[in-house]
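Subject: Structure handover

Hi,

Here is the structure for you to look over. My notes follow below it.

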Amino acid sequence: MIRGALLIALAALLWATTGIVAKFLFTGTALQPITLGFLRLVVALPFFWLLMRREQARLERASHGSMVPGSSLRSLTLKALLPLAALGLFQAFYQGSYLLAVDLTGAGIATLIALCLPPVLVAILAAPLLGEKPGMLTVLSLIAAIAGTAMLVLSDMDTSGTLRLAGIMMALLAASVYTGFTLTSRYSSAGTPVFTTAFICFFTAALILLPVVALSGGFEGLGSLELRHWLMVGYIGVVPTCIGYVSFFSGMRTTPATLSSIIVTLEPLFVALLAWVFLEEILGPIGIAGALILTVAVIVASRYGSKPASGPEETGAD
């Protein structure tokens, strides 16, 4: 479980770099956020395809040339395909609802709701849906993680904008969608190879976002991109998207959904640290205290996290 927790923490770190690079992109170009979300998927898809084919060949060699169920798109049953397509649907809706919440209310309150509410929802739903039973330390760590993240956001509350009901509702929708993504990825990753899961997830999300970008005029800003901007887009598509989400899916194989939802709350901490290093944004006393609380909460949760219930969905350590 420790290896899985570290992989999810790595994913949170890589995801955090997206906002830093994106800020440089948005400052110097007319690129829209929803367009960048679509482009990162387009860049990552060929890598996921190649990795999926390589994974399929490895599994076939391990099974002496016979096709392993679920190791390729052709061998997937409808029952196995539906949860994977649902991951793509969750991903596309999360990007849209979260970005809209940021636009209506500001990044601070939108991030607080969208990233801190899912651990609570997962903790509530993981027991009846996945059979996971969080211990007392896990519950306390979850509460501490939410408190620490809230303090990080509150430390920058003066830039978060005016609160509006519509924006809060969109942030709640983003939190609900992210909860569905976490629970579904835990369910589907137990029986489907990692790269097949990733490819179907992001291919579905790209198909959903394509008409949205086209109808909103998002492609019009591409003319303002120079070579260095395209390199930034490529970085976001390969490192945070491909490597980051593959690390997340790999970690989910041996990590309970409740614990994984706590670990990914490291992302706001990583964002704050990277912003301090690269953008010279300094945390105030509340933010520093929140960062320490969040770090301790994740360490405790990683050491004493809940165990998945025994059954066909439980997977062993790699």
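Start with Thr179, which is buried at a relative accessible area of 3%. Buried means under 20% relative accessible area, exposed over 50%, and partly exposed in between (1.4 Å probe, protein chains only). Thr179 sits in helix 6, residues 165-189. Setting aside neighbours within four places in sequence, Thr179 contacts Pro118, Leu121, Val122 and Leu125. A contact here is heavy atoms within 4.5 Å.

Ground rules next. This is a predicted model, where local features need pLDDT of at least 70 and side-chain atom pairs count only at pLDDT 80 or more, while totals for chains, interfaces and linings use all residues. Residues are numbered from 1 along each chain as its sequence is written, and side-chain values use heavy atoms, with hydrogens and water left out.

Overall fold

The protein chain has 11 helices and 0 strands. Helices (H or I, at least four residues) and strands (E, at least two) are DSSP runs, numbered from the N terminus. Of the 318 residues in the protein chain, 50% are buried. Take contacts between residues at least 6 apart in sequence: 89% join residues at least 24 apart. The chain exposes about 14,700 Å², and carbon and sulfur atoms supply 72% of that. Accessible areas come from the Shrake-Rupley method with a 1.4 Å probe; for residues, only the protein chains shown count as cover.

Confidence

Mean pLDDT for the protein chain is 75, and 69% of its residues reach 70 or more. pLDDT is the predictor's confidence in each residue, from 0 to 100. Helix 8 has the highest confidence, at 88. Helix 4 (residues 107-130) has the lowest, at a mean of 68. Over residues 307-318, pLDDT stays under 50. For that stretch the model has 20 contacts beyond four places in sequence.

Aromatic pairs

There are 8 aromatic pairs in the structure. Rings of Phe, Tyr and Trp (its six-membered ring) pair if their centres lie within 6.5 Å; planes under 30 degrees apart count as stacked, over 60 as edge-to-face and the rest as tilted.

Phe38 and Phe219 make an edge-to-face pair, at 5.9 Å centre to centre and 80° between the planes. This pair links distant parts of the chain, 181 residues apart. Phe38 is in helix 2 (residues 33-62), and Phe219 is in the loop between helix 7 (194-215) and helix 8 (227-252). Phe38 counts as buried, at 9% relative accessibility. Phe219 is partly exposed, at 33%.

Phe199 and Phe203 form a stacked pair, at 5.7 Å centre to centre and 15° between the planes. Both lie in helix 7, 4 residues apart, about one turn of the helix. Phe199 is buried, with a relative accessible area of 11%. Phe203 is partly exposed, at 38%.

Ring pairs also link Trp15, Tyr94, Tyr178, Phe181 and Phe248 into a cluster.

Surface patch

Phe24, Leu273, Trp276, Val277 and Phe278 make a nonpolar surface patch of about 540 Å². Patches are made of residues with over 30% relative accessible area and no salt bridge: like charges are joined within 9 Å, nonpolar side chains (Val, Leu, Ile, Met, Phe, Trp, Tyr) within 5 Å. A salt bridge is a side-chain nitrogen of Lys or Arg within 4 Å of a carboxyl oxygen of Asp or Glu. Helix 10 (residues 266-278) gives the most to the patch, with 4 residues. Trp276 lies in helix 10.

Best wishes
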